[in-house]
There are 4 protein chains.
Amino acid sequence: MNFASDNWAGASERVISALAEAARRGGPAYGADDRTKAVERRFAEIFERDVAVFLVASGTAANALGLSAYARPGGVTFCHREAHILVDEAGASEFFGGGVKVVGLDGEGGKIAPETLAMAMAKFPEGVVHHGQPIAVSLTQITELGTAYMPAEVAALAEVARTRGAAVHMDGARFAGAVASLGVAPADMTWRAGVDVLSFGATKNGCIAAEAVVFFNPAHARDFGFARQRAGQGFSKNWFIAAQFDAYLKDDHWLDLARHANEMGRRLAAAIEKSKPGRLAIEPAANEVFAVLKKIADARLRASGAVYHPWLADSVPADRRPGADEVLVRLVTTWQTPQEDIDRFAAVLSAA
Amino acid sequence: MNFASDNWAGASERVISALAEAARRGGPAYGADDRTKAVERRFAEIFERDVAVFLVASGTAANALGLSAYARPGGVTFCHREAHILVDEAGASEFFGGGVKVVGLDGEGGKIAPETLAMAMAKFPEGVVHHGQPIAVSLTQITELGTAYMPAEVAALAEVARTRGAAVHMDGARFAGAVASLGVAPADMTWRAGVDVLSFGATKNGCIAAEAVVFFNPAHARDFGFARQRAGQGFSKNWFIAAQFDAYLKDDHWLDLARHANEMGRRLAAAIEKSKPGRLAIEPAANEVFAVLKKIADARLRASGAVYHPWLADSVPADRRPGADEVLVRLVTTWQTPQEDIDRFAAVLSAA
Amino acid sequence: MNFASDNWAGASERVISALAEAARRGGPAYGADDRTKAVERRFAEIFERDVAVFLVASGTAANALGLSAYARPGGVTFCHREAHILVDEAGASEFFGGGVKVVGLDGEGGKIAPETLAMAMAKFPEGVVHHGQPIAVSLTQITELGTAYMPAEVAALAEVARTRGAAVHMDGARFAGAVASLGVAPADMTWRAGVDVLSFGATKNGCIAAEAVVFFNPAHARDFGFARQRAGQGFSKNWFIAAQFDAYLKDDHWLDLARHANEMGRRLAAAIEKSKPGRLAIEPAANEVFAVLKKIADARLRASGAVYHPWLADSVPADRRPGADEVLVRLVTTWQTPQEDIDRFAAVLSAA
Amino acid sequence: MNFASDNWAGASERVISALAEAARRGGPAYGADDRTKAVERRFAEIFERDVAVFLVASGTAANALGLSAYARPGGVTFCHREAHILVDEAGASEFFGGGVKVVGLDGEGGKIAPETLAMAMAKFPEGVVHHGQPIAVSLTQITELGTAYMPAEVAALAEVARTRGAAVHMDGARFAGAVASLGVAPADMTWRAGVDVLSFGATKNGCIAAEAVVFFNPAHARDFGFARQRAGQGFSKNWFIAAQFDAYLKDDHWLDLARHANEMGRRLAAAIEKSKPGRLAIEPAANEVFAVLKKIADARLRASGAVYHPWLADSVPADRRPGADEVLVRLVTTWQTPQEDIDRFAAVLSAA
């Protein structure tokens, strides 16, 4: 019953095989191999347009390097106040952006409202050199609180960003989960809604270390090859990422993996909702379930071997926060989560 | 007959198996897994002392992050003028060092002489804020020209560095090759000779993407965990590097791999030396062979399928440079190079 | 009736004379002149200890460079949410710190409470590489809201900072005003209370472009000469800053100038407080007066030629904020403000 | 007899008066004053076109910030190997450029030849991410060795730069001297010859701390206001620079000052050339005279109170270098140098 993180899962067998096979073969260095090129083409198909794609090995690198393409002096990037780029990446976006600011915004369920963004940007009026200038908005899809932006919501935020010439970045660490959950075309969720650059995550969903930075306007990627190499993310054996993506993207494997994780999330949420000592704090869209548990139930679950993280109460709406005898927790299902874990969790919970 | 680069080789079967096994298992994220810890301990054994070890996925990251621990305003790092950190890493050391300079020095066979270092440092006199201050010396072992520093040579350079408070960094992209070639204890080649921080490379010698930054004085690593995470080199599935190193370091596999590569290099060099249309430009210490070939022989070899890179003539001593009908080339053998490739190369060459 | 900013004032006659005299003379470049050395010694007297002093030409440079001495990877600097370094310096502290974060804290009247600092630091637990590490706390003295920290308050904050190894920086853009207002020895307000580095401002108080970075532990300044030169703040005709400071610090001229500004502030505040259509929003400690005015009075004052800035209502405690027919404003007096301006302002205000 | 540096001179009386007058007056902060605007317009007249002008207080800031507008990942700036930006600015260009490289080129008399630039750029072939990409060429006018580029020479270098999309920067620390010496229109020496951005120096020629960054294509300056503020070079009392420039540029004062310095340089050179124990090492174009002196004459001159700096012998052509009993020296005349100093120097020299 490990619901700690989708980072704890291993890799899918198809991904492992592809990687092992590539590693036996070797090949031209630094992305000059055929597989890297094939993967780059595959992204163009998935997004129904020409894209500039760059493989990297970590989500932090994908986010920070992708955003760095829009860095300018005095630059300010806006994101949700619980965004991974703000809270969990050791200042990578500030660093790779040459000292830009990353400003966290409030927003229910991990989602930024257009008015919130507009108000935050208004604190940096056009041309006032003292305060700085908006350069980007970063949206996380699936959000850090397990919800999803609908394409129209992305478009509304992008429209606000455009009023100030700010780019739109999507941290898609759980992009597959969003596509699987919303049943929306990748193109609709991204560039058609105004997204400029996407961190297309695969690591959390069955790969080992595989992320892609996808620029929807290849002109924005003019310097990216240099930026990636300088960051130590241009790998001599670049095929090790390409092979993972090759298997991951083939025959919709990525969506199948995400569908499983989401389905397990849905069942886990349902089990909690119908239990006595548990309730949902946020309606989950994919594989992250934020729940309020009675402390006694929490103790029982942990005693039974369930692993998951407590969460900060102020992440959820005031009327959903835990009471004195309750605790807010995050439970994450993965492509690997067995149905039995859900059943067992449900059984322990309802018995508590 | 692929002698293009040790970057083109795949990975050893033991490394692949270890990685696949780890990937099936998954585990705690960000290096909290047992295997990462075991690997860190293994390095202490190999170097016969406490060390602070940080796994990263590329040599550029290892070098630039390792050096960044010594960055200071106005800082100047010295290295050979053909050093990878100067020529081939897109300015990573300057970038991660916050804008430090990297100054290339002349030196026969890829090796810096102590007097050359002393003279170069003298251009940055103590306390003259206009010019800058020495912060580090970076030595490549095996050098970019296929030679090796003896421990006494490292010690002599370290002594010069110490006079100015500069750290000593070793780019050990081919560290295994050096240990295998010189038959010297890793400790003697590094900290006992005055090295502060080592990029311990594994990627070129049978791994996929596995490098370790080894600080011999753990106090120097105070901030390194943050620096690595911020660089996007702190991986959620960090076990993917640890598993490679686990297999690589077990039972001296790393040295066996390097011994093979070196032996192939030795035989290749011998074949060239005794051939008519070829001669050695530099006496090789490990798996990089710099040779001068008659153009006609070069053409025959390429026509027979041999793959290797031409090299800049001024890398080698004046009296060894190619004549008008000759060309300087670099040939790299690997842990995977079959004896038959050497034999075939020799046959084509002597027939030319 | 110009109460817009102490930045709008000219320079004191003594300062102008000293500068003109120095400019006629010229002299050795880059701070090697006698006057620079004399000024450096003068700071040691003022602070009753050895200090390392570096003259620079702007407050932004003083703050950002001073803080940069404590920058570390993943570093986080804490300050008030209205602090100049956070809001008004175009990201200089982030930039010179190599991408550190600057986090703004709530605090009544522009002052940070120790508990607030402790709670904010707790979000960056020791050794958690994802979140970052506290490196510094920056206090503004006189604060951006016109109040002053007592030495004991500085000490309490410094104690919290020390628990995490964070440095204490004081943005003393209005340091003279604080010394004049509190009647406290400069040493008591700074290093004896735990301050590590001070931006000693003179520009706002009768100089033209003159700030000093004062390190109370000279060891912290090890690299500062290089950092200043690299920042373009090491001036060839460095005597132009030294001459200003020479006149400014002689015979307590700096304190006389500040006393006048403070006295004018006191009278202005008193006039507002006793007026009908005005009231103080914050009790001023020096030369910045935050007041709530009836809109009609505000209009009359502006029509009469009074110049000052509106201010964000949420800067002041909830119970002091302007009502619907009121406006919050900031009025700044200077060393140059004539008594008549205060009288005239008072007359217009009470007539409104 | 002070020929140490044009940095040692004071300021011209007109400049001092203008500054004192402005300092008595004060005015709107951060460049919103009328004088700053008038100065900006004056530059448009001087250069016969719209320009974007930014005042800063030091040459290092002007150079490094001006170049930073062209910084890109993996960027490489080329300059002469004795260029101030490479040797004397503590790495400012690397720092403000976010870690770019600055590569020094050989070139007789401080001047880069187009072929040298082309060859140096060829080491960074288009699109090879490992090596980096050319971003700028920086030319110093008057060069560090006292010579001047003719407009056609600038144009030839600019043409080479254009082939790779690199910007052309001119370090005009002694720009007035160049205009006065060559009798060429400022426009012809800069943008008409392909210069993109100019550091227009005034500090060395009668001002105190006054430099202007002039962009000939205002679009290049899009972010410069933010960059300048972030660098601590956007001054609250910005009029202190504007006032200097106002007096400096009025009625060709700047050219008169430079003409005097150049004339003194010419006479000094002539005196050396016709002396027995001295000869010119380089034909001077303006106010820097590089000469070879017999050691005995050097000793006599110093004993008589002459102040000047020895120089590195390898700065000058091999056939002009000092012999065993000689020394290479740099002598700098200024707008302030009295004719008597020249006469006295000549007398001592010829008597030696």
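This is a short chat about how the chains of a predicted model touch one another.

User: What should I know before I start?
Analyst: The model is predicted, so local features need pLDDT of at least 70 and side-chain atom pairs count only at pLDDT 80 or more, while totals for chains, interfaces and linings use all residues. Residues are numbered from 1 along each chain as its sequence is written, chains are lettered from A and ligands numbered from 1 in the order in which they are written, and side-chain values use heavy atoms, with hydrogens and water left out.

User: Chains B and A first. How many residues of chain B are in contact with chain A?
Analyst: 44 residues of chain B are in contact with 44 residues of chain A. Contact means heavy atoms within 4.5 Å.

User: And how much area do chain B and chain A bury between them?
Analyst: About 3500 Å², with 60% of it on carbon and sulfur atoms. Buried area is the accessible area (1.4 Å probe) that two parts lose on being put together, summed over both.

User: What is the side of chain B that touches chain A made of, by class?
Analyst: It has 24 nonpolar, 14 polar and 6 charged residues. Ala, Val, Leu, Ile, Met, Phe, Trp, Tyr, Cys and Pro count as nonpolar, Asp, Glu, Lys and Arg as charged, and the others, Gly among them, as polar.

User: Now chain D. How many of its residues are in contact with chain A?
Analyst: 18 residues of chain D are in contact with 18 residues of chain A. The area buried between chain D and chain A is about 1700 Å². Carbon and sulfur atoms give 62% of that area.

User: Which residues of chain D lose the most area to chain A?
Analyst: D:Pro73, D:Val129 and D:Phe226, together 37% of what that side buries.

User: What does A:Arg72 form a salt bridge with?
Analyst: D:Asp223, with the closest N and O atoms 2.7 Å apart. Helix H10 (residues 224-230) of chain D gives the most to the side that touches chain A, with 5 residues. By class, that side of chain D divides into 6 nonpolar, 8 polar and 4 charged residues.

User: What rotation superposes chain D on chain A?
Analyst: A rotation of 180 degrees, with 0.0 Å of shift along its axis (RMSD 0.0 Å). The two copies are thus related as by a two-fold rotation axis. Copies are superposed by least squares on the C-alpha atoms of residues with pLDDT of at least 70 in both.

User: Which residue of chain D comes closest to the axis?
Analyst: D:Gly98, at 3.1 Å (C-alpha). The same surface serves both copies: 100% of the contact residues of chain D recur in chain A.

User: Last topic, H11 of chain C. How many of its residues are buried?
Analyst: 11 of its 11 residues. Buried means under 20% relative accessible area (1.4 Å probe, protein chains only). Among them are C:Trp239, C:Gln244 and C:Asp246. Just after H11(C), C:Asp251 takes a positive phi of about 50 degrees.

Conventions: Salt bridge = Lys/Arg side-chain N within 4 Å of Asp/Glu carboxyl O. Helix = DSSP H or I, 4+ residues; strand = E, 2+ residues; numbered from the N terminus. Buried < 20%, exposed > 50% of the residue type's maximum accessible area, 1.4 Å probe, protein only.
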